[in-house]
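Student: I would like to learn how to read a structure. Where do we start?
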Amino acid sequence: MDRPLTLLGLESSCDDTAAAVVRHVPGQAAQVLSSVVKGQTALHAAYGGVVPELAARAHVEKLDICVEEALAEAGVALSDLDGIAVTAGPGLIGGVLSGVMCAKGIAAGAGLPLIGVNHLAGHALTPRLTDQLEFPYLMLLVSGGHCQFLLVNGVDDFLRLGGTIDDAPGEAFDKTAKLLGLPQPGGPAVEQEAQAGDPKHFAFPRPLLDRAGCDMSFSGLKTALLRARDAIIAEKGGIPRQDRADLCAGFQAAVRDVLAEKSRRALGIYLESTPATPSFAVAGGVAANMAIRDVLETVSAEFGTRFVAPPLRFCTDNAAMIAWAGIERFRAGTRDDMTLAARPRWPLDNRSPALLGSGKKGAKA
Ligand code: KG4
Ligand code: ZN
(Lines give C-alpha, C1' and ligand atoms only; values in the text may rest on other atoms or scores of the structure.)
(Ligands and ions follow the chains in the order given, each with its own letter.)
Protein backbone atom coordinates (compact mmCIF):
# COMPACT_ATOMS: atom_id res chain seq x y z
CA MET A 1 0.00 0.00 0.00
CA ASP A 2 2.27 2.81 -1.19
CA ARG A 3 -0.13 5.18 -2.92
CA PRO A 4 -0.90 8.67 -1.55
CA LEU A 5 -3.57 8.55 1.15
CA THR A 6 -5.92 11.26 2.45
CA LEU A 7 -7.79 10.46 5.66
CA LEU A 8 -10.32 12.28 7.80
CA GLY A 9 -9.74 11.78 11.54
CA LEU A 10 -12.22 12.25 14.41
CA GLU A 11 -11.46 12.63 18.12
CA SER A 12 -13.99 12.87 20.98
CA SER A 13 -12.63 10.75 23.84
CA CYS A 14 -12.51 13.44 26.53
CA ASP A 15 -13.35 17.15 26.44
CA ASP A 16 -12.14 18.16 22.97
CA THR A 17 -14.18 17.59 19.82
CA ALA A 18 -11.85 17.47 16.83
CA ALA A 19 -11.71 16.66 13.12
CA ALA A 20 -8.72 16.83 10.79
CA VAL A 21 -7.62 15.90 7.29
CA VAL A 22 -4.11 14.51 6.76
CA ARG A 23 -2.51 13.58 3.43
CA HIS A 24 0.53 11.38 3.08
CA VAL A 25 2.54 10.72 -0.02
CA PRO A 26 5.00 7.85 0.58
CA GLY A 27 8.55 9.10 0.96
CA GLN A 28 7.43 12.61 1.89
CA ALA A 29 6.51 14.33 5.15
CA ALA A 30 2.78 14.09 5.87
CA GLN A 31 0.69 17.24 5.42
CA VAL A 32 -1.92 18.30 7.94
CA LEU A 33 -4.45 19.90 5.57
CA SER A 34 -6.70 20.96 8.45
CA SER A 35 -7.02 20.42 12.19
CA VAL A 36 -10.13 21.73 13.92
CA VAL A 37 -10.42 21.43 17.73
CA LYS A 38 -13.38 22.67 19.76
CA GLY A 39 -12.71 22.49 23.50
CA GLN A 40 -15.26 22.35 26.31
CA THR A 41 -13.40 24.14 29.12
CA ALA A 42 -16.20 26.66 29.71
CA LEU A 43 -18.87 23.95 29.73
CA HIS A 44 -17.26 22.09 32.64
CA ALA A 45 -15.74 25.08 34.48
CA ALA A 46 -18.41 25.23 37.20
CA TYR A 47 -17.95 21.55 38.12
CA GLY A 48 -14.19 21.42 38.68
CA GLY A 49 -13.80 18.50 36.26
CA VAL A 50 -15.18 16.97 33.08
CA VAL A 51 -18.83 15.85 33.43
CA PRO A 52 -19.10 12.82 31.10
CA GLU A 53 -22.76 13.30 30.12
CA LEU A 54 -22.29 16.99 29.30
CA ALA A 55 -19.15 16.13 27.32
CA ALA A 56 -20.94 13.45 25.27
CA ARG A 57 -23.83 15.78 24.42
CA ALA A 58 -21.46 18.54 23.34
CA HIS A 59 -19.54 16.08 21.13
CA VAL A 60 -22.79 15.07 19.39
CA GLU A 61 -23.55 18.74 18.74
CA LYS A 62 -20.04 19.66 17.54
CA LEU A 63 -18.82 16.63 15.58
CA ASP A 64 -20.53 17.36 12.28
CA ILE A 65 -19.60 21.05 12.51
CA CYS A 66 -15.96 20.05 13.05
CA VAL A 67 -16.11 17.65 10.07
CA GLU A 68 -17.58 20.31 7.79
CA GLU A 69 -14.95 22.85 8.87
CA ALA A 70 -12.09 20.36 8.52
CA LEU A 71 -13.14 19.36 4.98
CA ALA A 72 -13.69 22.98 3.91
CA GLU A 73 -10.37 24.15 5.35
CA ALA A 74 -8.55 21.26 3.67
CA GLY A 75 -10.36 21.96 0.40
CA VAL A 76 -11.39 18.33 -0.01
CA ALA A 77 -14.75 16.61 -0.53
CA LEU A 78 -15.76 13.28 1.00
CA SER A 79 -15.15 11.75 -2.43
CA ASP A 80 -11.46 12.81 -2.22
CA LEU A 81 -10.93 10.78 0.96
CA ASP A 82 -9.42 7.30 1.13
CA GLY A 83 -10.83 6.52 4.56
CA ILE A 84 -12.02 7.76 7.92
CA ALA A 85 -10.20 7.16 11.19
CA VAL A 86 -11.83 7.58 14.57
CA THR A 87 -10.78 7.29 18.21
CA ALA A 88 -12.46 4.08 19.37
CA GLY A 89 -11.03 4.28 22.94
CA PRO A 90 -9.82 4.54 25.63
CA GLY A 91 -11.78 7.40 27.11
CA LEU A 92 -15.18 8.48 28.36
CA ILE A 93 -17.60 6.03 26.81
CA GLY A 94 -20.27 8.59 25.80
CA GLY A 95 -17.75 10.70 23.93
CA VAL A 96 -16.03 7.77 22.24
CA LEU A 97 -19.45 6.41 21.17
CA SER A 98 -20.41 9.79 19.68
CA GLY A 99 -17.28 9.78 17.52
CA VAL A 100 -17.56 6.14 16.48
CA MET A 101 -21.23 6.54 15.47
CA CYS A 102 -20.46 9.71 13.52
CA ALA A 103 -17.57 8.00 11.70
CA LYS A 104 -19.69 4.94 10.92
CA GLY A 105 -22.40 7.17 9.45
CA ILE A 106 -19.94 8.99 7.20
CA ALA A 107 -18.16 5.77 6.21
CA ALA A 108 -21.44 4.04 5.33
CA GLY A 109 -22.87 7.07 3.53
CA ALA A 110 -19.75 7.83 1.49
CA GLY A 111 -18.65 4.23 1.01
CA LEU A 112 -15.32 4.84 2.77
CA PRO A 113 -13.13 2.40 4.72
CA LEU A 114 -13.34 2.84 8.50
CA ILE A 115 -10.33 2.55 10.82
CA GLY A 116 -10.64 2.54 14.63
CA VAL A 117 -7.67 4.14 16.37
CA ASN A 118 -6.47 3.85 19.96
CA HIS A 119 -6.24 7.40 21.34
CA LEU A 120 -2.91 6.61 23.05
CA ALA A 121 -1.52 5.26 19.76
CA GLY A 122 -2.54 8.57 18.21
CA HIS A 123 -0.37 10.43 20.76
CA ALA A 124 2.43 7.87 20.53
CA LEU A 125 2.69 7.99 16.70
CA THR A 126 2.55 11.82 16.49
CA PRO A 127 6.38 12.26 16.31
CA ARG A 128 6.24 10.30 13.03
CA LEU A 129 3.70 12.79 11.68
CA THR A 130 5.62 15.87 12.78
CA ASP A 131 9.27 14.75 12.70
CA GLN A 132 9.32 11.51 10.66
CA LEU A 133 10.83 9.60 13.60
CA GLU A 134 12.02 6.08 12.86
CA PHE A 135 11.03 3.13 15.09
CA PRO A 136 11.99 2.32 17.79
CA TYR A 137 11.78 5.48 19.88
CA LEU A 138 10.98 6.23 23.51
CA MET A 139 7.86 8.24 24.25
CA LEU A 140 6.72 9.96 27.43
CA LEU A 141 3.01 10.62 27.26
CA VAL A 142 2.20 13.16 29.94
CA SER A 143 -1.18 14.90 30.07
CA GLY A 144 -4.29 15.38 32.17
CA GLY A 145 -5.39 11.81 31.53
CA HIS A 146 -2.22 9.87 30.83
CA CYS A 147 1.32 9.37 32.09
CA GLN A 148 3.36 6.53 30.68
CA PHE A 149 6.69 5.64 29.12
CA LEU A 150 6.30 3.66 25.91
CA LEU A 151 8.80 1.93 23.69
CA VAL A 152 7.27 2.55 20.28
CA ASN A 153 8.56 -0.33 18.18
CA GLY A 154 6.02 -0.28 15.36
CA VAL A 155 2.59 0.95 14.27
CA ASP A 156 0.95 -1.65 16.48
CA ASP A 157 3.83 -2.59 18.73
CA PHE A 158 4.08 -0.67 22.00
CA LEU A 159 5.85 -1.76 25.17
CA ARG A 160 4.91 0.13 28.31
CA LEU A 161 7.93 0.58 30.57
CA GLY A 162 5.96 2.20 33.37
CA GLY A 163 3.30 4.74 34.17
CA THR A 164 1.40 6.47 36.94
CA ILE A 165 -0.26 4.22 39.45
CA ASP A 166 -2.76 6.94 40.38
CA ASP A 167 -3.20 10.51 39.07
CA ALA A 168 -1.74 11.88 35.85
CA PRO A 169 0.52 14.95 36.31
CA GLY A 170 -1.85 17.29 34.44
CA GLU A 171 -4.63 16.21 36.74
CA ALA A 172 -2.38 16.99 39.73
CA PHE A 173 -1.62 20.44 38.27
CA ASP A 174 -5.37 21.01 37.82
CA LYS A 175 -6.13 19.95 41.41
CA THR A 176 -3.30 22.13 42.73
CA ALA A 177 -4.77 25.12 40.92
CA LYS A 178 -8.19 24.35 42.32
CA LEU A 179 -6.84 24.12 45.89
CA LEU A 180 -5.08 27.47 45.49
CA GLY A 181 -7.99 29.28 43.83
CA LEU A 182 -6.29 29.51 40.43
CA PRO A 183 -8.20 29.13 37.13
CA GLN A 184 -8.55 25.94 35.05
CA PRO A 185 -6.84 24.36 33.22
CA GLY A 186 -4.45 24.47 36.16
CA GLY A 187 -1.15 23.71 34.42
CA PRO A 188 -0.53 27.09 32.79
CA ALA A 189 -1.80 28.96 35.88
CA VAL A 190 0.45 27.02 38.27
CA GLU A 191 3.44 27.42 35.92
CA GLN A 192 2.94 31.17 35.82
CA GLU A 193 2.62 31.48 39.62
CA ALA A 194 5.69 29.28 40.06
CA GLN A 195 7.85 31.80 38.22
CA ALA A 196 7.72 34.13 41.23
CA GLY A 197 8.10 31.33 43.76
CA ASP A 198 10.87 29.68 45.75
CA PRO A 199 10.73 25.92 45.06
CA LYS A 200 12.63 25.18 48.30
CA HIS A 201 10.35 27.04 50.74
CA PHE A 202 7.94 24.11 51.12
CA ALA A 203 9.29 20.56 51.11
CA PHE A 204 7.36 18.28 48.77
CA PRO A 205 7.95 14.53 48.39
CA ARG A 206 9.36 12.90 45.22
CA PRO A 207 7.07 9.84 45.24
CA LEU A 208 8.32 6.39 44.15
CA LEU A 209 11.88 7.52 43.42
CA ASP A 210 13.01 4.94 45.97
CA ARG A 211 11.28 2.19 43.99
CA ALA A 212 13.05 0.58 41.03
CA GLY A 213 11.49 0.91 37.58
CA CYS A 214 9.55 3.59 35.76
CA ASP A 215 6.23 3.65 37.63
CA MET A 216 5.16 6.99 39.06
CA SER A 217 2.66 8.38 41.57
CA PHE A 218 1.31 11.91 41.87
CA SER A 219 -1.66 11.71 44.22
CA GLY A 220 0.53 12.00 47.35
CA LEU A 221 1.88 15.30 46.06
CA LYS A 222 -1.63 16.66 45.93
CA THR A 223 -2.22 15.61 49.55
CA ALA A 224 1.09 17.22 50.60
CA LEU A 225 0.01 20.42 48.90
CA LEU A 226 -3.38 20.34 50.64
CA ARG A 227 -1.66 19.92 54.05
CA ALA A 228 0.80 22.74 53.40
CA ARG A 229 -2.01 25.02 52.22
CA ASP A 230 -4.17 24.25 55.28
CA ALA A 231 -1.22 24.87 57.63
CA ILE A 232 -0.67 28.29 56.04
CA ILE A 233 -4.37 29.15 56.32
CA ALA A 234 -4.48 28.00 59.97
CA GLU A 235 -1.45 30.15 60.79
CA LYS A 236 -2.13 33.23 58.66
CA GLY A 237 -5.89 33.18 58.05
CA GLY A 238 -5.39 33.03 54.26
CA ILE A 239 -2.75 32.32 51.63
CA PRO A 240 -0.41 35.28 51.10
CA ARG A 241 0.63 35.80 47.50
CA GLN A 242 4.25 34.78 48.03
CA ASP A 243 3.24 31.57 49.80
CA ARG A 244 0.97 30.68 46.89
CA ALA A 245 3.82 31.24 44.44
CA ASP A 246 6.16 29.16 46.65
CA LEU A 247 3.61 26.32 46.83
CA CYS A 248 3.29 26.32 43.02
CA ALA A 249 7.07 26.39 42.56
CA GLY A 250 7.58 23.57 45.07
CA PHE A 251 4.89 21.42 43.50
CA GLN A 252 6.16 21.97 39.96
CA ALA A 253 9.74 21.18 41.00
CA ALA A 254 8.59 17.89 42.55
CA VAL A 255 6.75 16.83 39.36
CA ARG A 256 9.76 17.91 37.28
CA ASP A 257 12.22 15.91 39.40
CA VAL A 258 10.10 12.75 39.29
CA LEU A 259 9.66 12.95 35.51
CA ALA A 260 13.39 13.64 35.04
CA GLU A 261 14.59 10.70 37.16
CA LYS A 262 12.05 8.24 35.71
CA SER A 263 13.02 9.42 32.20
CA ARG A 264 16.66 8.53 33.00
CA ARG A 265 15.59 5.02 33.91
CA ALA A 266 13.37 4.66 30.83
CA LEU A 267 16.17 5.94 28.58
CA GLY A 268 18.55 3.41 30.14
CA ILE A 269 16.17 0.56 29.26
CA TYR A 270 15.47 1.91 25.76
CA LEU A 271 19.16 2.33 24.91
CA GLU A 272 19.87 -1.32 25.82
CA SER A 273 18.25 -2.17 22.47
CA THR A 274 20.89 0.04 20.70
CA PRO A 275 18.49 1.85 18.35
CA ALA A 276 20.08 3.21 15.16
CA THR A 277 18.83 6.77 15.70
CA PRO A 278 18.03 7.09 19.44
CA SER A 279 15.09 9.45 19.99
CA PHE A 280 13.08 10.51 23.03
CA ALA A 281 9.73 12.12 22.24
CA VAL A 282 7.20 13.75 24.53
CA ALA A 283 3.47 14.34 24.02
CA GLY A 284 0.53 15.57 26.07
CA GLY A 285 -0.50 18.92 27.52
CA VAL A 286 2.03 18.87 30.38
CA ALA A 287 4.80 18.98 27.75
CA ALA A 288 3.80 22.66 27.42
CA ASN A 289 5.43 23.31 30.80
CA MET A 290 8.79 24.93 30.12
CA ALA A 291 10.45 23.76 33.34
CA ILE A 292 9.44 20.17 32.57
CA ARG A 293 10.25 20.38 28.87
CA ASP A 294 13.69 21.86 29.63
CA VAL A 295 14.61 19.15 32.12
CA LEU A 296 13.49 16.38 29.73
CA GLU A 297 15.62 17.90 26.99
CA THR A 298 18.59 18.07 29.36
CA VAL A 299 18.13 14.44 30.44
CA SER A 300 17.86 13.37 26.80
CA ALA A 301 21.14 15.17 26.04
CA GLU A 302 22.83 13.40 28.98
CA PHE A 303 22.15 10.15 27.11
CA GLY A 304 23.12 11.52 23.68
CA THR A 305 19.54 11.01 22.50
CA ARG A 306 17.62 13.25 20.10
CA PHE A 307 14.77 15.04 21.90
CA VAL A 308 11.53 15.65 20.01
CA ALA A 309 8.63 17.73 21.30
CA PRO A 310 5.99 18.11 18.56
CA PRO A 311 4.26 21.52 18.27
CA LEU A 312 1.83 21.91 21.14
CA ARG A 313 -1.30 21.76 18.98
CA PHE A 314 -0.29 18.20 18.04
CA CYS A 315 0.82 17.33 21.60
CA THR A 316 -2.57 18.03 23.15
CA ASP A 317 -5.74 16.23 22.07
CA ASN A 318 -6.38 16.72 18.34
CA ALA A 319 -7.66 14.76 15.36
CA ALA A 320 -4.61 15.08 13.10
CA MET A 321 -2.89 12.47 15.27
CA ILE A 322 -5.92 10.19 14.80
CA ALA A 323 -5.95 10.68 11.02
CA TRP A 324 -2.19 9.98 10.96
CA ALA A 325 -2.47 6.84 13.11
CA GLY A 326 -5.29 5.81 10.73
CA ILE A 327 -2.96 6.26 7.75
CA GLU A 328 -0.29 4.15 9.45
CA ARG A 329 -2.82 1.41 10.24
CA PHE A 330 -4.35 1.62 6.76
CA ARG A 331 -0.93 1.08 5.20
CA ALA A 332 -0.41 -1.89 7.51
CA GLY A 333 -3.64 -3.40 6.12
CA THR A 334 -6.01 -2.69 9.02
CA ARG A 335 -9.69 -2.06 8.22
CA ASP A 336 -12.66 -2.02 10.56
CA ASP A 337 -16.34 -2.36 9.73
CA MET A 338 -19.73 -1.52 11.22
CA THR A 339 -19.00 -3.83 14.16
CA LEU A 340 -16.28 -1.41 15.43
CA ALA A 341 -16.93 -1.01 19.15
CA ALA A 342 -16.24 1.94 21.47
CA ARG A 343 -13.87 0.80 24.22
CA PRO A 344 -13.63 2.82 27.47
CA ARG A 345 -10.51 0.77 28.34
CA TRP A 346 -8.04 -0.21 25.66
CA PRO A 347 -4.46 -0.80 26.82
CA LEU A 348 -1.85 -0.13 24.15
CA ASP A 349 0.33 -2.84 25.55
CA ASN A 350 -1.42 -6.09 26.43
CA ARG A 351 1.78 -7.69 27.67
CA SER A 352 2.21 -5.40 30.68
CA PRO A 353 -0.14 -5.61 33.67
CA ALA A 354 -2.95 -3.02 33.71
CA LEU A 355 -2.18 0.28 35.41
CA LEU A 356 -4.63 1.19 38.11
CA GLY A 357 -5.72 4.71 38.84
CA SER A 358 -8.31 7.07 37.59
CA GLY A 359 -8.13 10.39 35.85
CA LYS A 360 -10.23 12.95 34.11
CA LYS A 361 -10.56 10.43 31.30
CA GLY A 362 -11.90 7.84 33.73
CA ALA A 363 -10.21 4.48 34.04
CA LYS A 364 -6.63 4.35 32.83
CA ALA A 365 -5.67 2.09 29.99
O1 KG4 B 1 -3.12 16.57 26.45
P2 KG4 B 1 -4.16 17.45 27.08
O3 KG4 B 1 -4.65 18.63 26.30
O4 KG4 B 1 -5.45 16.63 27.42
C5 KG4 B 1 -5.48 15.43 28.05
O6 KG4 B 1 -5.43 15.46 29.29
O7 KG4 B 1 -5.53 14.40 27.37
O8 KG4 B 1 -3.55 17.91 28.47
C9 KG4 B 1 -4.24 18.79 29.32
C10 KG4 B 1 -3.51 18.82 30.63
C11 KG4 B 1 -4.25 19.61 31.69
O12 KG4 B 1 -4.30 18.84 32.87
C13 KG4 B 1 -3.41 20.87 31.86
O14 KG4 B 1 -3.45 21.43 33.16
C15 KG4 B 1 -2.03 20.36 31.52
O16 KG4 B 1 -2.23 19.45 30.45
N17 KG4 B 1 -1.17 21.48 31.12
C18 KG4 B 1 -0.06 21.84 31.80
C19 KG4 B 1 0.42 23.01 31.15
N20 KG4 B 1 -0.39 23.29 30.08
C21 KG4 B 1 -1.36 22.32 30.09
N22 KG4 B 1 0.52 21.33 32.88
C23 KG4 B 1 1.63 21.95 33.35
N24 KG4 B 1 2.14 23.07 32.81
C25 KG4 B 1 1.58 23.63 31.71
N26 KG4 B 1 2.09 24.74 31.18
ZN1 ZN C 1 -4.96 12.59 25.06
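Tutor: Start with a pair of helices: helix 4 and helix 11 are roughly perpendicular to each other. Angles of 65 to 115 degrees count as roughly perpendicular, under 35 as roughly parallel, over 145 as roughly antiparallel and the rest as oblique. Helices here are DSSP runs of H or I with at least four residues, strands are runs of E with at least two, and both are numbered from the N terminus.

Tutor: Two notes before we go on. This is a predicted model, where local features need pLDDT of at least 70, side-chain atom pairs count only at pLDDT 80 or more, and totals for chains, interfaces and linings use all residues. Residues are numbered from 1 along each chain as written, chains are lettered from A and ligands numbered from 1 in written order, and side-chain values use heavy atoms, without hydrogens and water.

Student: At what angle do helix 4 and helix 11 pack?

Tutor: Two packed helices are described by the angle between their axes and the distance between the axes. Helix 4 and helix 11 (residues 320–331) pack at about 85°, with axes 8 Å apart. Axes are lines fitted to C-alpha atoms, for helices over the stretch in contact, and angles run from 0 to 180 degrees between N-to-C directions.

Student: Which residues of helix 4 and helix 11 make the contact?

Tutor: Contact means heavy atoms within 4.5 Å. Among them are H119, L125 and L129 of helix 4, and M321, W324 and E328 of helix 11.

Student: At what angle do helix 5 and helix 6 pack?

Tutor: Helix 5 (residues 169–179) and helix 6 (residues 186–194) pack at about 65°, with axes 7 Å apart. That makes helix 5 roughly perpendicular to helix 6. F173, D174, T176 and A177 of helix 5 meet G186, G187 and V190 of helix 6.

Student: Which residues come nearest to ligand 1?

Tutor: G144, D174, G187, E191 and G285, of the 22 residues around ligand 1. A residue is near if one of its heavy atoms lies within 4 Å. A polar side-chain atom of D174 lies 2.6 Å from an oxygen atom of ligand 1. For G285, a backbone N or O atom lies 2.9 Å from a ligand 1 oxygen atom.

Terms used. Polar contact = N/O pair within 3.5 Å; in protein donor to acceptor, adjacent residues only side chain to side chain.
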